[in-house]
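Thanks, everyone. Let me walk you through today's structure. Please have a look at it first.

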Amino acid sequence: MAAQASIEEYQLEKLRKLLAEVRASNPFQQAKLKGVSQDIQSIQDFFSSCPFTSKEELCTDQAANPPYGTNLTFPPEAYTRFCRTSGTTGQSLTWLDRPEDWQWMLGNWETVFREAGCTSADRAIFPFSFGPFLGFWAAFEAAQNLGMLAIPAGGMGSHQRLQLLIQQKATVLCATPTYAIRLAEAAAEHGIDLSQSPIRKILVAGEPGGSIQEIRQKILSLWPGAQVFDHHGMTEVGPVTFQTQDSPDLLHVIETSYLAEILDPETKQPAEEGQSGELILTTLGRTGSPLLRYRTGDLVRPVQTSRGLAFQGGILGRIDDMVIIRGVNLHPAAVDATLRRVPGIAEYQVYLDTANSTLPEIRIDIEPGPGASSSIANEATEALRTQFLLRIPVNTVPEGSLPRYELKARRWNKTTNS
């Protein structure tokens, strides 16, 4: 209890300072804070008086006030970093950071690395093309801050990246869960034995998977001798959680940097421990472009640990990703976990037929990997039926015909055709 009281006192002090700064000069937040007392007495006071912020609001604000919107506490010339969201869940958002706020961001990523046991003796490789997406820019620079050799591997094919990884004796791999699996697939195609790989730690982010047992175990089986660490964050808020070496089923919140609420999506009341709810975040150190009570859309299950607030099972999915098929709720992460239990599936795509909005249908294409059973489609159908009590048609497609992904995988497709 003493530790929890101490972190709440620290958070309250940081919150008061943040609110004082943004009230003075941030037009977007000034409107948000009209009903919030200038003398916040507790975090609960803030929660009960400050309205939520949604992505829709931010998109509307940027559209009405291009190119950056009004959520800027300082003049535009004070900002030195430009990022943009991936647009996976809708319209892209542009985000600016001052040098001070960017260092706060890097400090959070340094926590992720340290908790995974990374040190200055490590060499970290980043096998993706660097674009405006925030995620791995911050990871790359944080690795440098910690004294690691940071190895960029953009503009290469998977085989070239594997060769670079081996040549440079990289010990840390940062990737999405999907791409960690794809790299292992490429290694098999080119006769590279990953049991001899120098990689000892794999930090995954960008999509659910690192905390899902089936996906985690698949990555571990493909990269012998490596540990897998999950992490999650967003361009809008930065790096939020870390995983420790002794708790692979938990994502711990960096509570010195974030106020986190987990609320029932319908009632907006706090979710009970062990019950899932939507993650709401307030950034305590990103003064130049802050977010207050931001609805992330991420579904999590809160638990209190000796390290503070954590999420059991990581990010369970996104509220807006859930679909209802013949009365059954389907989350992409749950479908992914089920299919990963079927040996021999190299990749898959899900197709939602929404021609009849009241009775949407679903089918799945799977690409068998080398040595897959001839009955793999039936095995996948049965696994899905057992898990969801729902018959989902599964078809096989030729090897190499489905897309592979470096960053966020986009396996769910809506179609109006039967």
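The accessible surface of the protein is about 18,100 Å². Carbon and sulfur atoms make up 50% of that surface. Keep in mind that this is a predicted model.

Now the overall build. There are 11 helices and 23 strands. The C-alpha trace spans about 70 × 55 × 45 Å along its principal axes. Why call the protein a compact globule? For 418 residues, a compact globule would have a radius of gyration near 22 Å, and the protein has 22 Å, so the two agree.

Next, charge. We have 37 positive side chains and 46 negative ones. The centres of the two sets lie 3 Å apart.

Let's go inside. Of the 418 residues, 54% count as buried. Take the contacts with a separation of 6 or more: 68% of them join residues 24 or more positions apart.

In soluble globular proteins, nonpolar side chains tend to be buried together. Here, the largest nonpolar core has 51 residues. Among those with the most contacts inside this core are Trp109, Phe113, Phe126 and Leu203. Which helix gives the core its largest share? That is helix H5, residues 99–115, with seven residues.

Zoom in on Trp109. What does Trp109 touch, beyond its neighbours within four places in sequence? The contacts are Gly135, Ala138, Ala139, Ala142, Leu203, His231 and Pro239. Leu203 also belongs to the group with the most contacts inside the core.

One last stop. Another core, of 29 residues, lies apart from the largest one. Its members include Ile151, Tyr179, Ile192 and Ala337.

That's my tour. Over to you.

Technical notes: Residues numbered from 1 in each chain as written. Predicted model: local features only at pLDDT ≥ 70, side-chain atom pairs only at ≥ 80, totals over all residues. Heavy atoms only, no water. Helix = DSSP H or I, 4+ residues; strand = E, 2+ residues; numbered from the N terminus. Rg over C-alpha atoms; globule rule 2.2 N^0.38 Å. Buried < 20%, exposed > 50% of the residue type's maximum accessible area, 1.4 Å probe, protein only. Contact = heavy atoms within 4.5 Å. Areas by Shrake-Rupley, 256 points an atom, 1.4 Å probe, with all protein chains shown as cover. Lys, Arg positive; Asp, Glu negative; His and termini not counted. Charge placed at Lys NZ, Arg CZ, Asp CG, Glu CD. Core = buried A, V, L, I, M, F, W, Y, C linked by side-chain atoms within 4.5 Å.
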